[in-house]
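Please consult the sequence and the structure shown here while reading.

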Amino acid sequence: MAYSFDMELVNCIPNLQRYACKLTRDASSAEDLTQDCLARALSRSHRFEPGTNMQAWLTTMLKNLHFNNLQRDKHVTKVELWDHAMSVEPAQLSRLVFRDVDKAFDSLTPCQRKVVRLVAIEGRPYQEAAEKLNVSIGTIRSRLCRARERLNTLMAA
């Protein structure tokens with residue numbers, strides 16, 4: 001039967017996995033290390049001399065990869081993220097802000113509230129708001145300006 005690099009490599013995988021587990025002491029890291037070793041072995045298959053000990057060749061390669069990873073990790077800062085490690089403001093804060101805005105909105109005069117609701121909240125044009133409230137555009141602008149000033153003052157306090 002002819003020599004097959006691939007078959008001999010496949011036969012060595014279980015021992016490589018056991019050795020990787022021993023080195024890393026972590027199943028996931030061991031899988032990654034074994035995979036890196038096999039990928040390196042395949043890319044350097046032309047350097048392997050048939051008839052020599054492939055298990056020893058692969059074990060040496062695996063060990064060197066592991067130690068290189070350890071050296072590299074000394075110089076790299078790792079940050080572990082957990083499932084909910086997103087940059088999201090706490091819900092309480094938005095509720096408090098909403099409560100403050102609601103209180104400030106309630107402190108406006110009824111006319112100012114109507115203008116703010118039509119123009120700022122619903123996004124209606126000044127002309128449409130003026131027609132709906134039966135006032136001039138100047139009055140809409142004036143009420144909106146005073147309402148915004150009042151809201152800014154209350155929210156800043």
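In what follows, two residues are in contact when heavy atoms of the two lie within 4.5 Å. The model under discussion is predicted.

Leaving aside neighbours within four places in sequence, Leu-58 is in contact with Leu-9, Cys-12, Leu-16, Cys-37 and Ala-41. Leu-58 is also one of the residues with the most contacts inside the largest nonpolar core, a set of 16 residues; Leu-9, Leu-16, Cys-37, Met-54 and Leu-62 are the others named in that group. At least two residues of this core come from each of three helices: H1 (5-24), H2 (27-43) and H3 (54-74). Another core, of 11 residues, lies apart from it and includes Val-115, Val-116, Val-119 and Ile-140.

**Gln-55 and its partners**

Helix H3 also contains Gln-55. With neighbours within four places in sequence again left aside, Gln-55 is in contact with Cys-12, Asn-15 and Leu-16. Although Gln-55 and Cys-12 are 43 residues apart in sequence, their C-alpha atoms are 5.9 Å apart in space.

**Aromatic rings**

The structure holds 3 aromatic pairs. In one of them, the ring centres of Phe-48 and Trp-57 are 5.0 Å apart and the planes stand at 45 degrees, so this pair is tilted. Ring pairs also join Phe-5 to these residues, giving a cluster of Phe-5, Phe-48 and Trp-57. Are Phe-48 and Trp-57 buried or partly exposed? The table gives the relative accessibility of each.

| Residue | Relative accessibility | Class |
|---|---|---|
| Phe-48 | 7% | buried |
| Trp-57 | 21% | partly exposed |

Phe-48 counts as buried because its value of 7% is under 20%.

**Helices H5 and H7**

How do two further helices meet? The axes of helix H5 (residues 110-121) and helix H7 (residues 137-156) come within 9 Å and cross at roughly 100 degrees. H5 is therefore roughly perpendicular to H7, since angles of 65 to 115 degrees count as such. On the H5 side, the residues that meet H7 are Cys-111, Gln-112, Val-115, Val-116 and Val-119, and their counterparts in H7 are Ile-140, Arg-143, Leu-144, Arg-146 and Ala-147. By class, this contact has 7 nonpolar, 1 polar and 2 charged residues.

How values were computed. Residues numbered from 1 in each chain as written. Predicted model: local features only at pLDDT ≥ 70, side-chain atom pairs only at ≥ 80, totals over all residues. Heavy atoms only, no water. Core = buried A, V, L, I, M, F, W, Y, C linked by side-chain atoms within 4.5 Å. Buried < 20%, exposed > 50% of the residue type's maximum accessible area, 1.4 Å probe, protein only. Helix = DSSP H or I, 4+ residues; strand = E, 2+ residues; numbered from the N terminus. Phe/Tyr/Trp six-rings, centres within 6.5 Å; stacked < 30°, edge-to-face > 60°. Axes fitted to C-alpha atoms, helices over the stretch in contact; angles between N-to-C directions. Parallel < 35°, antiparallel > 145°, perpendicular 65-115°, else oblique. Nonpolar A, V, L, I, M, F, W, Y, C, P; charged D, E, K, R; others polar.
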